[in-house]
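Please look at the sequence and the model shown here before reading on. The notes that follow are a briefing, grouped by topic.

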Amino acid sequence: MPRWLYGRYAASILEAAALNGGLTCITGEVTDLSPKAGGFSARLADGREFPGSHAVLATGLHFSRPDAGQAAGKAIAPWDIARMRALPPGAEVAIIGSGLSMVDAVASLAEAGHHGHITVFSRHGRRPEPRRLAPEWPDYLADLPDRITIRALFALVVRECRLAQASGGDWQSPLDLVRAHIGRWWRASDPGEKRRFQRHVRSLWEVHHHRAPPIGYAHVSAAAREGRLHQVASTVQGIREGRGVTIRHRLRGGHAVTASRFDAVILSAGVEYDWRRIGRPLVQNLLERGLVRPGPLSLGIDAAPDGRITDRDGRRSHRLFALGPPLRGLWWESTAIPDIARQAVEIAEIIGSERDAVSDQTKEKVNEPD
């Protein structure tokens, strides 16, 4: 289904929880999280503070890469159809980033009635594959040891994908089985293997595994087929606003910087996982206080397998947790709904059991004879 539709569904779940009295949603930016007696206090940018016995860092895909942040004030969000409708139908549009948000942006442009040229900038020049309901495939990975080289794993997966195609099946079937095992392989791999995965496999993983909904992919394919969508393997060096938007970029493998002018720019550049490069107050304060430390390969933050955050001195917190993208370095694949939902349930069970234990102890003290 389209991601915006799933977003509406998720919002409806939150609204139902709020109506039932179990959830309070507060709009604002948390700028600091400080330890207090029995828990934490969250401070907002407007000065308000909210105490809690536990805290969970569930920041999601919120922190844009620094090189994309310079366009944040000028760029159109991938889902902002209202701003896209304000553009001339034949406007020259640039999209920075070629992941799933780019697919959303192209679909939003189509819904807004846009029929002009679209240029997509990305470092590798790749775009997501379409998602299909692929048939089941035997789990050929279950018996593999936890420690396996990236080269051996890559060769095995490619072989199975080719076997699926040769037998009239779908290469997505054997590839989808990798997800169930990637976490244990990542945790067992040494830093050298992890770096090789990032350098040689990461971009392939992103486009083949994080696949596009069929409806959105159809819009991208149609624009490319009509010659309206052009993808450039290039690194954006800077963005300047004036009469339109000028993007300075360097082609992959080249040294010269080219300036290209567009009527509008849509920012879909992805997420910054290295928290040391994120300029938001909450992140900077957490690092400065030593409440968190960078995760493996500086991806996200360090934590135990159950989500309890590890501080600067290597101590495991009993009241501070993280889930989702902040745990990228722990599990590698920690951004999709199935991963986040599983982590959320586990953390909720931990917090619930600890609060029940405290409640039982309090009742025992009250009922003790004088």
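The buried residues of α7 pack against α5 (150-166), α8 (191-209) and α11 (328-331), where contact means heavy atoms within 4.5 Å. The model is predicted, so local features need pLDDT of at least 70 and side-chain atom pairs count only at pLDDT 80 or more, whereas totals for chains, interfaces and linings use all residues. Residues are numbered from 1 along each chain as its sequence is written, and side-chain values use heavy atoms, with hydrogens and water left out.

**Helix α7**

- Helix α7 covers residues 179-188, and its buried residues are H181, I182, G183, W185, W186 and A188, with buried meaning under 20% relative accessible area for a 1.4 Å probe and protein chains only.
- Helices (H or I, at least four residues) and strands (E, at least two) are DSSP runs, numbered from the N terminus.

**Cavities**

- There are 3 cavities of 30 Å³ or more, a cavity being a set of points, on a 1 Å grid over the protein atoms alone, where a 1.4 Å probe fits but cannot get out.
- The largest cavity has a volume of about 80 Å³, a volume being the space filled by probe spheres set on the grid points, which are joined across faces, edges and corners.
- Lining residues have an atom within 4 Å of a point, and for the largest cavity they include I182, W185 and W186, while α5, α7 and α8 each supply at least two residues of this lining.
- The lining of the largest cavity divides into 7 nonpolar, 2 polar and 2 charged residues, where Ala, Val, Leu, Ile, Met, Phe, Trp, Tyr, Cys and Pro count as nonpolar, Asp, Glu, Lys and Arg as charged, and the others, Gly among them, as polar.
- The second largest cavity holds about 40 Å³ of space, and its lining, with T59, F63 and W275 among the residues, divides into 6 nonpolar, 2 polar and 1 charged.

**The sheet**

- An open sheet of mixed pairing is formed by 6 strands in the order β9-β8-β7-β6-β5-β10, where two strands pair if DSSP finds at least two bridges between them.
- Its edge strands, each pairing on one side only, are β9 (257-262) and β10 (264-267).
- From one strand to the next the twist averages 45°, with axes fitted as lines to C-alpha atoms, for helices over the stretch in contact, and angles running from 0 to 180 degrees between N-to-C directions.
- Strand β8 (residues 244-251) runs antiparallel to β9 and is joined to it by 6 bridges, and V245 has F262 in β9 as its bridge partner.
- Helix α4 (residues 100-111) lies across β5 (93-96), β6 (118-122), β7 (229-242) and β10, running at about 155° to β5.

How values were computed:
Buried means under 20% relative accessible area, exposed over 50%, partly exposed in between (1.4 Å probe, protein chains only). On a 1 Å grid over the protein atoms alone, a cavity is a set of points where a 1.4 Å probe fits but cannot get out, and a pocket is an open set with protein on both sides within 12 Å along at least five of seven lines; lining residues have an atom within 4 Å of a point.
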